[in-house]
Amino acid sequence: MRNEMKKPCIEADLVLTLIPFLESTDQDMLLHAGRAIGRICYDNLYLLLSGDLQEELVKVGVIPSLVRILTDHAESEPLVHVDLLALCNLADLDTAKEALSKTKIAEQLVKQLRRAENHERLEIIFEVLQALAENDALKVQLVEAGVQEVLSDILLRLQGNSQAEDTCVVKATSDLIVSLLLGDGNCVRMVQVGVIHQLLDLLEKHVESEDISVQHAALSALRNLAIPVVNKVQMLEEGVAERIQALLRSEMPPVQFKLLGTLRMLADGQADAAEILGQDPMLLNRLVQWCDVSDDTDVCGEANRLLASILRHNRSQEVVKAVQEAQGVKHLVSMTMSEHAAMQNEALNALAIASAIDLETLEESFKESQLVQSLHKLLQDDNTGAEVKYNSMSLLCSLLNSGHLRQEIEDNKIKETLEQLCSHSNADVVKEALITLQILKGESPY
């Protein structure tokens, strides 16, 4: 239909007149009504001419009709095609999402995704699913309908294919997995059906590829899946950490950055993971290398944060010695002076925990890297945040257990700075300053 003919049809409310025909049980009637509405409303059946008309279609109840057609005529390829195109053009509307959340659209889309055989059909379904995944209620419904299992099957099916169309589908699948990761429940279901290993298989295949779009999508999904505690345990048991380390051979900074971030997520709160990572000399040496010479500040920062995470969550003397032998301590001391408070606190906490585990091993490195002087600067600087000051004093308390470091602390006249902090505006800082002073004087703080 020519564009000049569409406007009179719309103005004459012909579209709204055709809507009741979508309630027919006759497939031919449904197909003709659907196509007629499509030809009037859409440019090439893809671009809707009027946003107002979209809203009007939702208001008069077209959504339940579309879902019913998809349910009752799931095997009719022409009807499903027209129906999916209509959903594709309406799904971006908040009102449409709200209406769809009250139907069983999730079940029907998952069925269609499972039976889709060509790239065009997959592309349309993915477009609808991506729009629906913006709605929390629909996100949950899609996961409950088992969409993660179908996505897992698609990744598995296309794993060895290198055609451009297949790569696009793989990327769309990975992007959708990221979009569906709402809350721990969805992430756990994804890991339970084996998505994690398919993503890793995908990464291993594309790790040397110059096109990093697929890698980005898979890495984002991987990192988010590593956040729930139950997933960390399962992923560690299944050797995911080792597979990620093997992928670090990539020379692409964006890939290195996200892989390091995923390892940091795995180590977060997991002593077992920290111990595994912290006793891998190849990994530690690579991390120190990135801290030393990385031209990419993001990779350098993430390498430092992973080093800090390993020590913060570790409870083993062997790990402390391994980090020391890899010459990683000096980088954590430098990290205490970062411009980002979060990184400063991570480094301070890591060094405090490591000192409590094995101060003797670290003593010489602390002296060489001038840790005491760095802590003094942090305590003296008015711009230093209260939490950083607090953690700096906590670390000082650990250092006072070493005779040599105690002497450095006394020589640097930190006592005067601590006395000034006793009148700080933050109550926690004041309390920690008093405790540190008492330990410095050889008195029991308790």
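Phe-366 touches Val-329, Val-333, Leu-351, Ser-355, Leu-359, Leu-371, Leu-399 and Leu-405, leaving aside residues up to four places away in sequence; contact here means heavy atoms within 4.5 Å. This is a predicted model, in which local features need pLDDT of at least 70 and side-chain atom pairs count only at pLDDT 80 or more, while totals for chains, interfaces and linings use all residues. Residues are numbered from 1 along each chain as its sequence is written, and side-chain values use heavy atoms, with hydrogens and water left out. Helices are DSSP runs (H or I, at least four residues), numbered from the N terminus.

**The nonpolar core**

- The largest nonpolar core has 146 residues; such a core is a set of buried Ala, Val, Leu, Ile, Met, Phe, Trp, Tyr and Cys residues joined through side-chain atoms within 4.5 Å.
- Phe-366 is listed with Leu-113, Leu-287 and Leu-399 as the residues with the most contacts inside this core.
- Helix α24 (residues 341-368) gives the core its largest share, 10 residues.

**Helix α8 and Gln-112**

- Gln-112 sits in helix α8 (residues 105-115) and is buried, with a relative accessible area of 1%; buried means under 20% relative accessible area, exposed over 50%, and partly exposed in between (1.4 Å probe, protein chains only).
- Beyond residues up to four places away in sequence, Gln-112 touches Leu-70, Ala-74, Val-80, Arg-121 and Ile-125.
- The buried residues of α8 are Ile-105, Ala-106, Gln-108, Leu-109, Val-110, Gln-112 and Leu-113.
- They pack against α5 (62-72), α6 (77-90), α7 (94-100), α9 (119-132), α10 (136-144) and α11 (147-157).

**Helix pairs**

- Two packed helices are described by the angle between their axes and the distance between the axes; the axes are lines fitted to C-alpha atoms over the stretch in contact, and angles run from 0 to 180 degrees between N-to-C directions.
- By class, the α6 and α9 contact has 8 nonpolar, 1 polar and 4 charged residues; Ala, Val, Leu, Ile, Met, Phe, Trp, Tyr, Cys and Pro count as nonpolar, Asp, Glu, Lys and Arg as charged, and the others, Gly among them, as polar.
- Helix α15 (residues 213-225) and helix α18 (residues 253-267) pack at about 15 degrees, with axes 9 Å apart.
- That makes α15 roughly parallel to α18; angles under 35 degrees count as roughly parallel, over 145 as roughly antiparallel, 65 to 115 as roughly perpendicular and the rest as oblique.
- The contact of α15 with α18 has 6 nonpolar, 5 polar and 3 charged residues.
- The axes of α18 and helix α20 (residues 281-293) come within 13 Å and cross at roughly 130 degrees, so α18 and α20 are oblique to each other.
- Gln-256, Leu-260 and Leu-263 of α18 meet Leu-283, Arg-286, Leu-287 and Trp-290 of α20.

**A loop residue**

- Gly-385 lies in the loop between α25 (371-380) and α26 (386-399), and at 35% relative accessibility Gly-385 counts as partly exposed.

Technical notes: Helices (H or I, at least four residues) and strands (E, at least two) are DSSP runs, numbered from the N terminus.
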